[in-house]
Amino acid sequence: MLTKIIKTKLTAIFSGVILISLLAFKDRALHQSFQIQAGDTTKWPARFGFGYTPTAQEITAWDIDVRPDGKGLPKGQGDVEKGKGLYTLKCASCHGANGVETGAKLPGPALVGDTAAKSKPKTIGNYWPYATTLFDYVRRAMPYNQPGSLTDNEVYSITAYLLNANKIIKAGAVLNAQNLPKIIMPAKKLFIMDDRKGGPEVK
Ligand code: HEC
């Protein structure tokens with residue numbers, strides 16, 4: 001009885017091994033036939049027939065990056081007062097009434113804190129090196145549940161409000177494409193340019 005069981009098991013194992021070998025052989029055979037075909041003369045079609053050339057309007061809608069030197073900032077302006085109202089309406093539910101709060105009920109991180117803050121939460125005031133990045137980020141990503149819904153003027157106003165809340169600009173400031181890139185962020189000094197030479201330069 002015992003030998004019968006062992007025999008059956010062995011047969012099962014052997015058939016498994018044979019099957020795997022066959023599969024491996026099939027794979028090799030396929031691979032070889034592909035190699036042979038790789039040298040043939042079949043040409044790729046000039047077009048595959050999918051996709052389309054985007055319109056200038058579609059490209060403009062995606063081309064919204066703003067660089068540290070302000071390149072890419074749109075026309076328009078905004079002030080702290082308007083920004084405060086917009087913040088309360090569209091941001092406070094996730095970032096807290098003043099941007100300093102955090103907790104289980106707030107899905108967003110703290111946005112306000114300065115470089116002197118002891119706890120050093122990574123906020124706009126103590127971590128972001130460029131003011132223009134704030135504009136870019138808010139315009140493309142916030143409010144989290146409705147990204148892209150703010151007008152450029154609204155983004156300027158919210159940027160002004162958040163920079164004022166972080167004690168970086170005065171309450172009366174009106175921001176636009178000219179003066180936003182000139183703001184020196186307190187955290188800029190915390191970053192150093194990687195200017196090492198003579199090795200793989202990954203920047
Ligand atoms: C529905 C919730 C929600 C709303 C509303 C919302 N945010 Fe956020 N916000 C988030 C979350 C979540 C993150 C973190 C995203 C991540 O790290 O990928 C975030 C991240 C941010 C950051 C980056 C913070 C950092 O230092 O990394 C900024 C700035 C910001 N939000 C600004 C705003 C502004 C301005 C508004 C209003 C116009 C807004 N958010 C509305 C949820 C929200």
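The questions and answers below go from the chain as a whole to single residues.

Trainee: What kind of model is this, and which elements does the protein chain have?
Mentor: The model is predicted. Its protein chain has seven helices and two strands, which run α-α-β-α-α-α-α-α-β from the N terminus on.

Trainee: How do you know how confident the predictor was?
Mentor: By pLDDT, the predictor's confidence in each residue, from 0 to 100. The mean for the protein chain is 84, and 79% of its residues reach 70 or more. Over residues 16-25, however, the pLDDT is below 50, and this stretch has zero contacts in the model beyond near neighbours in sequence. Residues 29-33 also stay under 50, with zero contacts beyond four places in sequence.

Trainee: How much of the protein chain counts as buried?
Mentor: Of its 203 residues, 22% do. As for contacts with a separation of 6 or more, 61% of them are between residues 24 or more positions apart.

Trainee: Why is Tyr161 called buried?
Mentor: The cut-off is 20 or more other C-beta atoms within 10 Å. Tyr161 has 28, so it counts as buried. Tyr161 lies in helix 7. Leaving out residues up to four places away in sequence, Tyr161 touches Val80, Gly83, Lys84 and Tyr87.

Trainee: What makes Tyr130 buried or exposed?
Mentor: Tyr130 has 21 C-beta neighbours inside 10 Å; the cut-off is 20, so Tyr130 counts as buried. Tyr130 is found in the loop between helix 5 and helix 6. Apart from neighbours within four places in sequence, Tyr130 is in contact with Pro68 and Met185. From Tyr130 to Leu180 the C-alpha distance is 9.4 Å, and the two are 50 residues apart in sequence.

Trainee: Why is helix 7 described as largely enclosed by the rest of the structure?
Mentor: Because 11 of its 14 residues are buried. Among them are Val155, Tyr156, Ser157 and Ile158. The buried residues of helix 7 pack against strand 1 (77-79), helix 3, helix 5 (124-127), helix 6 and strand 2 (174-176).

Trainee: How do you know that the span of helix 7 is close to the expected one?
Mentor: At 1.5 Å a residue, 20 Å is expected for helix 7, and helix 7 reaches 20 Å from its first C-alpha to its last.

Trainee: Which residues have the most contacts inside the largest nonpolar core?
Mentor: Leu134, Phe135, Ile158, Ala160, Tyr161 and Leu162 do, in a core of 31 residues. Helix 3 (80-90), helix 6 and helix 7 (152-165) each supply at least two residues of this core. Helix 7 gives the most, with eight residues. Leu162, for one, is in contact with Gly99, Leu111, Ile124 and Leu134, leaving aside neighbours within four places in sequence. In soluble globular proteins, nonpolar side chains tend to be buried together.

Trainee: What surrounds the ligand?
Mentor: There are 18 residues around the ligand, and the closest are Cys91, Cys94, Gly108, Met142 and Tyr144. Helix 4 (92-95) and helix 6 (131-141) are the elements that give two or more residues to this shell. Helix 4 gives the most, with three. By class, the shell has 11 nonpolar, five polar and two charged residues.

Trainee: What makes the bond between Met142 and Pro143 stand out?
Mentor: The peptide bond joining Met142 and Pro143 is cis, with omega about -10 degrees. Most peptide bonds are trans. Pro143 has its place in the loop between helix 6 and helix 7.

Trainee: Why is Lys167 called partly exposed?
Mentor: Lys167 has 14 other C-beta atoms within 10 Å. A residue is exposed at 12 or fewer and buried at 20 or more. The value for Lys167 falls in between, so Lys167 is partly exposed.

Conventions
Residues numbered from 1 in each chain as written. Predicted model: local features only at pLDDT ≥ 70, side-chain atom pairs only at ≥ 80, totals over all residues. Helix = DSSP H or I, 4+ residues; strand = E, 2+ residues; numbered from the N terminus. Contact = placed C-beta atoms within 7 Å. Near = placed C-beta within 6 Å. Nonpolar A, V, L, I, M, F, W, Y, C, P; charged D, E, K, R; others polar. Core = buried A, V, L, I, M, F, W, Y, C linked by C-beta atoms within 7 Å. Expected span 1.5 Å × (residues − 1).
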